[in-house]
Amino acid sequence: MTSTGQPATPLTADWTGPFGLPDFAAATPEQFGPAFDTALKAHKAEIAAIAGNPDAPTFDNTVAALERAGRTLDRVSALFWVLAGADTSDAIEAVERDVSPLLARHSNELYLNAALFTRIDSLWQRRASLGLDAEQARALERHHTRFVRAGAALDKPAQQRLAAITERLASLGTTFGQNVLADEKAYALILEEGDLAGLPDFARAAARAAAQERGHPGQYAVTLARSSIETFLQFSARRDLREKAFAAWIGRGESGGPTDNRAVVAEIVRLRAERAALMGYPTYADYRLDDQMAKTPKAARDLLMEVWSRARARAGTERDELQTLIAAEGGNFALAPWDWRYYAEKLRKQRYDLDEAELKPYLVLDNMIAAAFETAHRLFGLTFTAANVPLYHPDARAWEVKDASGRHVGLFVGDYFARASKHSGAWMTSLRDQEKLIGDVRPIILNVCNFSKPAAGEPALLSFEDARTLFHEFGHGLHGLLSDVTYPSLAGTAVSSDFVELPSQLYEHWLETPEILTKHARHYRSGEAMPPALLDKVLKSRTFNQGFATVEYTACALVDLDFHALREPGDLDPIQFEKDSLSAIRMPAEIAMRHRTPHFQHLFSGGGYAAGYYSYMWSEVLDADAFEAFRETGDVFDPATAKRLRDYIYSAGNLRDPAEAYKAFRGRLPAVDALLKKRGLDVPLAGTAAV
């Protein structure tokens with residue numbers, strides 16, 4: 001039996017593995033249906049008991065009771081979504097299609113429970129007289145806000161329509177993500193030895209391993225994993241093959257077949273607009289940002305446009321430089337999107353005597369993991385010890401995390417290599433979040449990435465962008481590991497989406513510090529440290545190609561806001577809308593969006609970043625300013641600054657409004673200046689060509 005009296009299944013029993021891990025061997029697809037059924041019944045019974053409690057509502061019998069409820073469902077859901085993202089299968093995807101609307105329906109039943117909302121609203125109205133401490137007051141405020149934003153205060157017809165929209169959106173998000181994964185799994189550009197012109201040894205080795213994995217021994221394969229395709233676009237001298245691979249990459253979700261996402265996007269946008277209207281907001285962007293740090297779409301757009309104008313001007317100069325290079329080599333063609341990375345790499349080599357092929361041998365995956373760990377040790381006193389525990393895939397690895405006193409902090413799991421069973425991208429997730437409500441519950445945090453897997457016996461080598469991704473996701477991981485709150489709803493990364501990227505993007509800064517690179521950037525063959533001259537080139541070139549990088553990101557964020565600013569989307573053609581949106585901001589023809597609409601999973605595979613992709617730039621204003629706090633001390637590991645960072649950002653979860661949390665750390669809110677300096681956009685360009 002479970003703790004709520006429901007019959008236990010193999011997946012609903014308490015986790016008793018090392019560090020409280022689940023029994024991954026028991027997590028077969030056919031077990032999840034019964035497990036979700038049992039867990040949902042248990043949680044419904046708990047909710048009914050809280051809502052029907054004859055005693056007057058108190059914080060403990062209502063808010064804290066909700067926080068204690070649903071533990072079985074939390075475990076089953078956490079395990080399932082880890083597998084659905086990182087090691088899926090046709091059977092898991094079938095369960096996902098079934099369970100997504102069920103979970104949405106369950107969420108509706110929770111947040112639209114009139115008796116339960118009456119109790120929470122009663123507490124909210126009397127909050128000043130309840131004698132709550134600061135954390136209890138924050139927990140009550142967040143619960144009340146979630147209920148109101150879910151429609152608890154609407155009339156019954158509006159609630160019924162809202163519930164139907166929520167369920168349909170859950171199904172559409174699942175469909176969108178599975179369609180993208182299907183396109184990525186189905187594609188591989190198979191190459192022969194004669195097709196590899198320009199590819200350095202590490203790229204050839206990765207392509208050979210990818211072909212072997214996909215059943216083409218002795219050949220080479222370029223896949224749609226970002227680490228594979230971007231490396232190919234960066235180095236391949238075959239313009240025809242670059243164009244072919246690029247077309248497949250930007251065409252995901254737009255095949256015209258059963259995995260085409262255009263109709264899915266159109267319906268999602270329509271339903272979100274309708275949801276916003278039901279909630280009394282003019283647009284979905286207004287609804288979404290009302291509970292974010294930015295507060296309004298205008299605030300987000302103003303930041304993006306301030307950066308856009310500078311980035312677009314810089315990209316115009318960069319484009320002209322690349323076109324000049326093409327002409328100097330005798331090329332009689334205009335720079336195209338599939339050319340940019342290739343010629344930018346050549347220009348970087350020319351300008352800084354630096355290329356990725358020279359740099360990558362020093363960026364060994366295991367050394368970069370050690371670099372991330374040492375940064376955490378120097379900032380926060382953490383240590384990481386390899387833990388030999390059973391996990392869900394042989395590629396995944398685990399480390400026990402302890403603090404300076406030797407106290408167990410949590411378990412960290414890293415799953416770094418791309419494979420057909422893994423969704424693209426990189427993310428942090430958890431199997432268990434920190435809390436103190438039911439005891440000292442320690443977190444189990446995962447980082448999932450998609451780096452190219454090396455051939456057997458060879459080390460995994462990262463690009464500098466890969467290494468930055470590793471630090472980024474580990475920053476999220478630390479946000480979960482260092483969490484120190486009582487209530488699970490406030491733990492770790494449970495903060496607004498335009499604040500959650502601060503710990504991750506801030507952590508990237510330490511990768512570029514000489515203190516870290518000098519020690520951990522070592523040649524995979526000789527073991528020698530990166531030469532000072534090479535390190536100097538890396539640091540001097542950090543703003544190279546930033547016009548391109550900023551344009552490809554910012555365009556995505558602006559298109560996102562445009563989609564979600566539609567009041568009545570009507571018969572929407574997402575591709576034409578994307579074109580019109582880009583035309584309005586005069587998108588350079590030589591640069592493509594980092595994520596085109598039909599595969600923009602941040603927006604449409606779930607709603608986590610819908611009307612919120614601006615969050616990365618918003619958080620970058622914070623992270624650039626936050627790192628300046630360390631630089632101002634003369635020590636990028638300054639203990640006093642690190643303590644404030646831990647106390648008010650990494651360990652604080654959602655204890656405070658994000659603006660208040662940042663001010664507690666920094667003493668003030670940031671300006672955009674540090675971001676512009678970080679990207680090299682702070683100095684106007686003289687004689688900039690029109691784009």
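In the predicted model, Trp 427 stands opposite Val 448 of strand E7. This pairing belongs to the contact between E7 and strand E6, which spans residues 427–432, the two strands running antiparallel and being joined by five bridges. Strand E7 also pairs with strand E5 (residues 408–417), in this case in the parallel sense and over six bridges; within that pairing, Phe 412 has Ile 445 of E7 as its bridge partner.

The burial of E7 was examined next. Because eight of the eight residues of this strand (residues 444–451) are buried, E7 is largely enclosed by the rest of the structure. In a regular strand the side chains alternate between the two faces of the sheet. In E7 both faces are covered, with Ile 444, Leu 446, Val 448 and Asn 450 buried on one side, and Ile 445, Asn 447, Cys 449 and Phe 451 buried on the other.

The buried set consists of Phe 59, Asn 61, Thr 62, Val 63, Ala 64, Ala 65, Leu 66 and Glu 67. These buried residues pack against five helices, namely H1 (29–51), H3 (71–86), H4 (90–111), H5 (114–125) and H6 (134–149). Following H2 is Gly 70, for which phi is positive, near 80 degrees.

Terms used:
Residues are numbered from 1 along each chain as its sequence is written. This is a predicted model: local features need pLDDT of at least 70, side-chain atom pairs count only at pLDDT 80 or more; totals for chains, interfaces and linings use all residues. Side-chain values use heavy atoms; hydrogens and water are left out. Buried means under 20% relative accessible area, exposed over 50%, partly exposed in between (1.4 Å probe, protein chains only). Helices (H or I, at least four residues) and strands (E, at least two) are DSSP runs, numbered from the N terminus. Contact means heavy atoms within 4.5 Å. Two strands pair if DSSP finds at least two bridges between them.
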